[in-house]
Amino acid sequence: MEDNNSNISCLKSIKDSLDDPHDSFKSSWNFNNNTEGFICDFVGVECWHVYSNEVLKIRLTNMGLKGEFPRGVADCKTLMGLDLSNNELSGPIPSNISRIFQYGTELDLSSNRFSGNIPKQISNLSFLNALKLDNNQLTGLIPPELALLDRIKQFSVANNKLYGPVPNFGPSFNESSYAGNPGLCGFPLEPCINFFSDSFKRGFIIGYMVSVFSVISIFMSYCVPWVHRNERNKMLRQFMLNLILSRRNKGEHSHQTSKLVHLDLLHEASRETSMLVQLVSRMSYADLTEATNNFSADNIIGIGQMGTTYKATLPNGWLLAIKRLFDTQKFDEHFITELKTLGRLRHDNLVPLLGFCIESKEKLLVYRYMSNGNLYDWLHPAEGEAKFIDWPLRVNIAHGIARGLVWLHQNCNFRVVHLDICSKCILLDQNFEPKISNFGEAMLIKSNNTDWSSSFYKDTELWELSFVKEDVYHFGIVLLELITGAEPSKLTNSSDTGDETLRNGSIDLSTSTNFYDVIDKSLIGRGFDTEIFKIFSVACHCVQPNRDGRPTMLEVHKTIGAIWSQNRP
Ligand SMILES: Nc1ncnc2c1ncn2[C@@H]1O[C@H](COP(=O)(O)OP(=O)(O)OP(=O)(O)O)[C@@H](O)[C@H]1O
């Protein structure tokens with residue numbers, strides 16, 4: 001009886017909240033009758049059973065209805081389908097949609113005037129198999145969390161004003177689902193790597209950024225004395241050089257300096273927190289506890305410097321890796337940096353950061369699970385472990401890491417330097433595709449940044465030399481590790497202390513014994529020696545002490561790609 005009453009008050013509330021200029025449904029929704037099942041005769045109402053007041057579907061379509069999303073549907077506890085398409089409804093899609101339409105399987109709000117962002121909470125509608133939001137005025141990013149809707153069969157957001165990457169749904173939808181949103185990218189549309197190649201898209205994004213930062217930049221250009229800015233730049237320049245010099249030592253000074261630079265960046269990044277919340281969903285501690293079997297020791301994948309990583313399984317079968325940070329403030333900065341960098345980046349060669357959780361003292365980062373673990377463990381298997389990756393796979397991995405780094409350095413709307421590339425932070429998915437992880441040391445700037453506090457990053461020479469070439473160096477070490485199978489610490493020492501074998505790329509293969517001394521013995525004589533030597537030469541370029549002489553990641557990526565394709569069909 002209580003359910004019946006709530007269904008009736010649900011329909012009453014919908015009737016009251018909508019403007020029905022052509023009297024398409026209101027006159028038929030007559031609440032004077034009180035017999036069981038009377039609401040089932042209402043126009044657009046379908047019940048579970050004609051003799052009971054339990055609403056199954058509400059279909060009010062093509063009626064010229066005006067008003068906002070009828071939040072009263074929350075009282076229709078048994079509602080599974082809501083079709084309000086082809087009306088003139090406006091305003092936002094409610095952010096508490098997952099409570100309002102808890103058991104919904106079909107939601108059709110297409111061809112209306114709904115505006116604002118698509119709420120990420122839609123991803124909590126776990127029974128949803130049809131979501132139609134096309135032909136509205138929706139803006140912003142499509143929440144990547146929508147990819148968690150594992151029952152979804154129909155999906156359309158065509159003809160809105162959305163931008164950014166499309167969600168990585170398991171079964172992908174075709175282009176028509178996304179058409180008419182000039183800023184969207186990623187399969188089945190143009191790859192996001194070309195996001196800035198189209199002038200319209202560029203205009204769209206830059207317009208957005210410029211509007212946000214123009215006030216700040218105008219103020220800073222005219223009000224901050226030039227001398228002051230110059231001195232500050234000099235100081236920051238010194239910071240960065242110190243940072244690079246001391247980073248190798250991993251000493252206290254390095255930590256202090258990096259902290260100062262990070263604080264500056266965090267200050268800048270904090271302006272965009274609202275956008276980040278759209279990208280990385282906040283997950284509940286209770287759900288994550290359940291998914292890891294109460295953080296059971298059996299679920300531990302590994303223990304790093306910052307915390308313990310657990311394998312987790314969601315009720316829908318999705319596999320996650322959850323990094324539970326040790327309870328110390330020391331890692332707060334890493335935690336935030338990881339969220340603010342990796343959280344907004346989506347690329348095939350970056351590990352997807354799906355969410356985070358902060359509850360009392362707990363800080364957790366949630367990633368997609370990479371079933372082949374990290375590259376380091378494959379190159380340095382424990383005794384008795386039968387792990388081996390052959391040369392073609394190694395080149396493919398190198399090529400993928402380079403591709404990811406090129407994207408970070410040059411091709412996205414944010415320029416990012418990782419600053420901690422190593423074989424441990426290269427994760428491998430089920431196909432051994434490499435995914436860069438661990439962005440806790442990373443730095444990020446907008447590519448059209450005009451903010452004075454970051455103007456030193458616009459000094460291309462400084463940015464390239466201080467940071468980008470640091471990533472190139474670390475990538476070179478990973479390449480050497482792939483070629484030699486040696487521990488990275490050994491390689492770092494060799495190149496820093498002047499081992500000519502590793503520092504000099506111009507080794508003559510026909511005469512040199514050095515090359516064969518250092519190469520991983522298991523790779524020799526399998527038809528790839530010349531190719532290995534060429535990659536070795538690339539690695540030596542990357543690790544040369546003179547930063548100026550190191551190639552860019554774009555050059556490295558092209559060279560590896562060319563070497564790779566020369567010998568393969
Ligand atoms: N998304 C993931 N999927 C599968 N395994 C992962 C994932 N993320 C991390 N791991 C594994 O969990 C372990 C711990 O990772 P973590 O990043 O904490 O430590 P690390 O890589 O040793 O780095 P550090 O010690 O610098 O923190 C590593 O063995 C790593 O391979």
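How far apart are the end C-alpha atoms of helix H16, and what span should its 14 residues have? Keep in mind as you look that this is a predicted model, and begin by selecting residues 553–566, which make up H16. At 1.5 Å a residue the helix should span 20 Å, and because its end C-alpha atoms are 20 Å apart, the expectation and the model agree.

With H16 still selected, colour Met553, Val556, His557, Ile560 and Ile563, which are buried. If you turn the view to look down the axis of H16, these buried residues fall within an arc of 135°, so they line one face of the helix. On the other side of H16 you will find Ala562, Ser565 and Gln566, which are exposed.

Next, select helix H8, residues 332–341, which is mostly covered, with seven of its 10 residues buried. Among them are His334, Phe335 and Leu339, and also Glu338 and Lys340.

Now move to the open sheet, where six strands lie in the order S13-S17-S18-S16-S15-S14 with mixed pairing. Its edge strands are S13 (281–282) and S14, each of which pairs on one side only. Follow S14 to its partner S15, with which it pairs in the antiparallel sense over three bridges, and look for Ile300, which stands opposite Tyr310 in S15.

Finally, select the ligand, which is surrounded by 20 residues, the closest being Gly302, Gly304, Thr309, Ala321 and Asn374. The elements that give two or more residues to this shell are strands S14 (300–303), S15 (307–313) and S16 (319–325). Coloured by class, the shell shows nine nonpolar, nine polar and two charged residues.

Notes:
Residues numbered from 1 in each chain as written. Predicted model: local features only at pLDDT ≥ 70, side-chain atom pairs only at ≥ 80, totals over all residues. Helix = DSSP H or I, 4+ residues; strand = E, 2+ residues; numbered from the N terminus. Expected span 1.5 Å × (residues − 1). Buried ≥ 20, exposed ≤ 12 C-beta atoms within 10 Å, placed from the backbone. Arc of directions from axis to C-beta. Near = placed C-beta within 6 Å. Nonpolar A, V, L, I, M, F, W, Y, C, P; charged D, E, K, R; others polar. Pairing = 2+ DSSP bridges.
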